[in-house]
Structures are given as C-alpha cells and as structure tokens.
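The exercises below concern a protein structure shown with its sequence. Work each task on the model before reading the solution.

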Amino acid sequence: MAKRKNRGRRHPLASAALLILGLAAVGGGYTVVSEAADASAPAPAASQLTAEDGQRLYMANCATCHGVEAVGTKNGPTLIGVGAASVNFQVMTGRMPLAFQGPQADQRNPQFTQEQSDAMGEYIQTLGAGPDKPDEEWLDTSATGVDIANGAELFRINCAMCHNVAGAGGALTEGKFAPNLHDIDGAHIYEAMLTGPQNMPVFNDNNISPEEKRDVIAYLHYLDESPSVGGWDLGSLGPVSEGLFIWTLGLGSIVALTVWLTSRPN
Amino acid sequence: MTAHENADATPHGDALDKIDTGSAVVTDDGFENPGFPPHKPRQTDLDPQKEKRAERQVFGWFLLSMVGSVFAIVAYFAFPITESDLGSVRLNNLFLGLGLSLGLLGIGFGAVHWARQLMSGEEIAEDRHLTRGTEATRARAVEIFKLGDEESGFSRRSLIRNSLIAALALFPLPAVFMFRDIAPKEDAVEAIAHTMWEAGTRLALDPTGTPIKADDVTIGSAFHVIPFGMDNHAHDYLDQKALAVVLLMRLPAEDLNEVEGRRGWSYDGIVAYSKICTHVGCPVALYEQHTHHLLCPCHQSTFDVTNHAAVIFGPAARPLPQLPIAVDDEGYLVAQSDFTEPIGPSFWERQNHVNNDEHVQVLGQNTEDRA
C-alpha cells in the first residue's frame with residue numbers, strides 16, 4: 001500500500017520531463033564541444049602570395065585528386081578553365097578540400113585564408129582562363145538600380161525549384177541536396193551562379209546578366225534581414241516541417257489533453 | 001444444440017416475449033456486468049488542505065484567463081499594425097493571439113480542474129431508455145399518417161401525385177447542365193493538345209523574353225525558356241505559358257544518347273524539353289548538371305536527359321516531350337515545330353493528338369502509349 005501511494009505521488013509527466021532534460025543536456029554539450037573543436041581549425045594567415053605560392057598549395061592539398069597540372073584523375077575533375085571564381089567558391093565555403101567522398105561536398109569552415117585561396121585561384125587561372133572573381137560593383141547591393149523584386153522573380157524562375165522559394169534548400173536525387181542560402185556571402189552566391197558548382201547548372205552572364213545576379217543577391221540578403229511575418233517559420237520547408245509539427249505537437253497535445261480530461265484524479 | 005435451433009427457440013421463452021430481440025441471438029451464459037470498482041476517495045476529499053489548494057488553483061486559472069483577456073486588449077493598442085512595416089503584423093498577431101488563447105484556455109483548464117478535483121467524484125451509471133415508443137404513440141402515428149393521406153388524396157388522385165413526382169425529378173436537371181460552364185469555352189482537348197511553339201519561333205528567356213543564341217548556352221547551363229514574342233498582358237498569357245514552358249540544357253555532346261530519328265532535334269548538345277511533368281503536370285526543373293537527371297519536386301519522378309528524358313524513377317509514365325530545335329541564320333535558337341505530342345499529364349484523347357508524321361518514339365509503343 002505504501003508503495004502504491006508513493007507511485008501515485010510522482011507527477012505523471014516526470015519521466016517525460018527527465019527525458020527532455022537529458023536530451024537537451026547531451027545535445028547542448030555536443031554543440032559546445034564541436035564548436036570548440038571547429039574554433040581551433042583555421043590555418044595560419046599569410047601576407048601577399050603569388051601564383052607560385054598557389055601552385056605549392058595546390059600540389060600539397062589538391063593534386064591528389066585533381067592531378068598534377070590540374071588535368072584531373074579518376075577521383076576528381078580537371079580544373080583547367082574552371083577559373084578563379086570556382087576556386088574561390090569551393091575553397092572559401094570549405095567544400096574543397098573534400099572532407100570525404102560522398103554524394104556531394106558539404107559546406108564547412110574554410111581550410112585556407114582568403115590570400116591562400118586567391119593564390120590558388122591565380123595559379124588555376126594561369127593553366128587556362130576561366131571566369132574570374134566578380135567585381136565589387138556586382139556585389140554592392142546598396143547601389144542605385146538594384147531591384148529586389150526583380151531578383152525575387154528571377155530567383156523564383158531559376159533557383160526556387162531546388163533552393164526553395166525562401167532559400168531554405170531542398171532534397172535532390174540519391175543523397176544530393178540544394179543547400180540553404182541563408183547568410184551566404186554575396187561573392188559566393190555570384191560565383192555559384194557563374195560556375196555551377198557540383199550538380200548545380202551554370203547560369204552564365206547571357207542567361208542571368210551581372211545586374212540580374214546582383215538583384216538575386218539583393219533578394220537573398222533581403223530574406224536574411226527580414227523577419228518572418230507569419231511568426232515561427234519552421235525552417236520555411238513548407239508542408240514537410242509544418243506537417244511534422246502539426247502531426248506531432250498539434251495532435252500530440254490534443255491526445256495529452258484528452259488523456260488528462262478522462263483520467264481519474266488521485 | 002446448434003445456433004439455428006437456439007435462435008428458433010428463444011422467442012417462445014416467457015421473459016423475452018415482451019422484448020423485440022430482432023435477429024439477436026440470446027444466450028444464457030452472457031457476460032455479467034461486474035459493476036464499478038470500489039470508489040476511491042481523492043486526495044482533495046480526504047485532506048482539507050489539498051482541497052483548499054485545488055480551489056486556489058482553479059481560481060488561479062480563472063485569474064489567468066482574466067489577465068489574458070485584458071492583455072489581449074492592451075496588446076491590440078500597444079502593438080498596432082503600421083502600414084509598410086510587416087514586422088508589426090508579426091508582433092500584433094503574436095501578442096493578440098497569446099492573450100486571446102490565454103483567456104480561453106484559462107477558462108477551459110480551470111473548469112476541467114474544478115470538475116476533476118472538487119466536484120463530486122462518485123461514479124454513477126445512467127441506463128439508456130428504450131428507443132421504441134409506446135403502443136399508443138405508435139398507433140396514433142399511423143392514424144395521423146392515414147388521415148393525412150385521406151384528406152390530401154395523395155393515394156387517390158394519382159394524376160397530380162405522379163406529375164408532382166415528375167416535376168421534382170426534373171427540377172435539379174438544369175443545375176447539372178450548368179456544370180458545362182466550368183469547362184473552357186472552346187473544346188477543352190483542343191485547348192491543351194497544342195502549344196504556342198511553331199516552326200521558326202525563337203526560344204526566349206523567361207521572364208524577360210530575350211531571344212537566346214546558341215553560343216549563349218555554355219556547357220552545364222540550364223535556361224528557362226518561353227516562346228519569343230509572348231504578350232504578358234494577353235488574357236491567356238499564363239495558360240499559354242503553362243503549356244509552352246521549356247527547359248533548355250547543354251550537355252557535352254558525347255553524353256547524349258540519341259535515337260536515330262531524333263538526332264536532328266538537338267543542336268550541338270543543346271536539348272529542349274517540356275517543363276511540365278507527364279505525371280500530374282508539376283514544373284520539372286530540378287536539373288543536376290553532372291548526373292543529367294531532371295527531378296520533379298512533387299512526386300520525385302526522375303528523368304534522364306541523356307536518354308530523351310526517359311523516366312528512371314517515380315510515378316511518371318512517359319518521357320518528357322522534346323521540343324525539336326535548330327539555329328536560324330542569325331544564330332538564334334528556334335523551334336522546328338510545335339511539340340510532336342501533347343505535353344503534360346495524360347488525358348483520354350491524348351493519342352489522337354500525337355503528330356504521327358513527325359513524332360519519333362524513343363522507347364517503343366508500350367512506353368509511349370502508357371496512360
């Protein structure tokens with residue numbers, strides 16, 4: 001009898017609360033530890049570097065897959081003619097050097113400084129000219145004539161089917177995905193359109209002109225700065241996250257309320 | 001004793017004579033109602049302190065409800081919606097909603113808490129009454145019905161009765177015919193069987209309408225294309241665009257695996273396919289540059305651009321229709337003709353609108369005739 005009474009006194013949600021507390025502690029701990037690990041990653045800074053330095057960096061870090069003289073191997077494509085824009089995008093978003101072979105390279109903290117990346121870009125440019133890094137003019141979204149609405153229309157027509165209309169990203173085939181576009185450096189957005197990294201198609205200047213690319217960048221930055229008017233946007237993933245939310249939290253709370261309504265108080 | 005004999009025998013039993021058992025099989029070893037478990041008093045029944053505390057909690061909920069309602073009024077004025085500031089809508093909705101829901105939930109939670117903890121907790125059972133009326137009520141109902149029939153002459157005057165039934169049957173028919181208005185004015189099949197593309201129509205960029213030169217399309221590019229000269233103020237602009245939209249891609253020419261009859265439909269690795277999925281008509285435009293897969297975002301149908309957009313995954317039944325393209329003397333990409341088959345999802349008359357003179361099947365009759 002005493003044991004029964006004891007059990008009755010424990011709050012019915014005590015075990016659930018304990019579980020949530022435990023999960024939060026483990027998740028929080030992991031985040032702190034992994035962030036601490038990331039913080040120690042950046043490579044040492046260097047001053048003015050030349051194409052020769054770029055070549056040395058290339059030989060040390062890239063040639064295993066892309067081959068000596070960047071002609072490509074069975075593990076990596078040739079880099080002749082990809083241009084400095086491509087190098088800057090791949091290296092400065094941390095996609096290259098590749099962390100591991102998989103469906104596609106993941107974004108992570110860059111492994112090189114901007115100077116080192118530029119030096120490698122210069123080296124790649126000497127092997128065969130390709131698209132260069134964009135002029136500052138095309139990244140200045142505060143310039144006169146920048147049309148966010150036009151950028152939004154271009155984004156809807158050319159980008160939204162993969163990257164989601166709110167730039168939240170989306171799934172592609174066989175493990176590939178279009179990454180989310182929140183808080184991306186304007187230069188990297190421009191270079192991605194210009195060079196078509198990974199499985200993204202190329203949007204050259206005849207398709208989307210530099211002015212139009214600037215409008216698209218302005219639209220994406222506008223999304224970054226504007227709060228979601230409708231409140232909590234659940235990742236802007238549409239029916240996927242909204243459905244999950246309402247089926248678990250919405251229906252879950254209705255079930256919980258029903259159980260509470262019909263249970264016998266002790 | 002079989003079930004049949006049992007059912008036969010029961011109506012003769014004395015006790016059951018008065019109850020219409022219908023087709024129910026009455027057995028004598030029925031499950032006995034165990035009654036209620038012994039009543040257990042609640043903590044609030046035993047301990048006056050607990051009772052007092054529960055009372056305070058119910059009061060607390062009702063107080064919270066009052067606070068919520070007042071807060072909603074305050075929030076309405078404190079967070080007004082100002083024009084041209086969308087962020088203000090968010091705060092207004094958030095706090096107004098919080099106040100209102102607190103106002104209503106407080107009443108609900110308080111009432112339930114009150115009923116559970118403080119109202120009488122004795123279990124009682126209320127038996128249902130029989131649904132059948134008394135004999136007198138039943139006889140009276142039949143009487144009224146017969147009287148009504150006699151006085152109105154519904155059975156006797158068969159001419160007007162039958163004409164009333166006919167009139168009632170015809171009355172809803174005009175509404176059925178009016179459903180025709182939902183369909184397009186012109187023949188619906190004609191309207192979706194053809195697109196704006198004609199021989200010599202230039203391919204133009206969506207949405208600017210700038211014509212595209214073949215050498216604009218570098219390898220790996222994907223262009224979203226509409227016919228040149230579309231009038232975006234025309235009343236059927238969106239309908240026509242929905243039929244005519246095309247995705248233009250350039251692949252390394254050696255990657256294309258073209259069938260004999262369609263070699264002339266592409267230009268130097270540049271191919272054009274309808275953007276409308278053959279499954280239920282979503283725009284298929286998720287193009288992967290290196291795998292050459294085209295993915296439909298709605299149901300994950302995947303098309304292989306190297307093999308004339310053959311379906312390699314998902315529910316789509318047919319490949320995407322290919323737009324035959326060429327280059328005119330100024331270097332612009334042009335269509336050789338309309339699509340040789342109706343674009344988009346299946347419809348009953350689709351086969352009648354395939355242009356048999358020009359259409360080249362890529363995967364054999366079976367695949368292309370699929371509904």
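**Exercise 1.** Classify B:W114 by accessibility and find its aromatic partner.

Solution. Step 1: B:W114 has a relative accessible area of 40%, so B:W114 is partly exposed; buried means under 20%, exposed over 50% and partly exposed in between, with a 1.4 Å probe and protein chains only. This is a predicted model, in which local features need pLDDT of at least 70 and side-chain atom pairs count only at pLDDT 80 or more, while totals for chains, interfaces and linings use all residues. Residues are numbered from 1 along each chain as its sequence is written, chains are lettered from A and ligands numbered from 1 in the order in which they are written, and side-chain values use heavy atoms, with hydrogens and water left out.

Step 1: rings of Phe, Tyr and Trp (its six-membered ring) pair if their centres lie within 6.5 Å; planes under 30 degrees apart count as stacked, over 60 as edge-to-face and the rest as tilted. B:W114 pairs edge-to-face with B:F62, at 6.5 Å centre to centre and 75° between the planes.

Step 2: B:F62 lies in helix α3 (residues 48–78) and B:W114 in helix α4, both of chain B, so the pair ties together parts 52 residues apart in sequence. Helices (H or I, at least four residues) and strands (E, at least two) are DSSP runs, numbered from the N terminus. B:F62 is itself partly exposed, at 26%.

**Exercise 2.** How many aromatic pairs are found over all chains, and which chains does the pair of A:W260 and B:F109 join?

Solution. Step 1: the search of the whole structure gives 9 pairs. Step 2: A:W260 and B:F109 form a tilted pair, 5.5 Å centre to centre with 40° between the planes. Step 3: A:W260 lies in helix α11 (residues 239–262) of chain A and B:F109 in helix α4 (residues 86–117) of chain B, so the pair joins two chains. Step 4: ring pairs link A:W260, B:W61 and B:F109 into a cluster.
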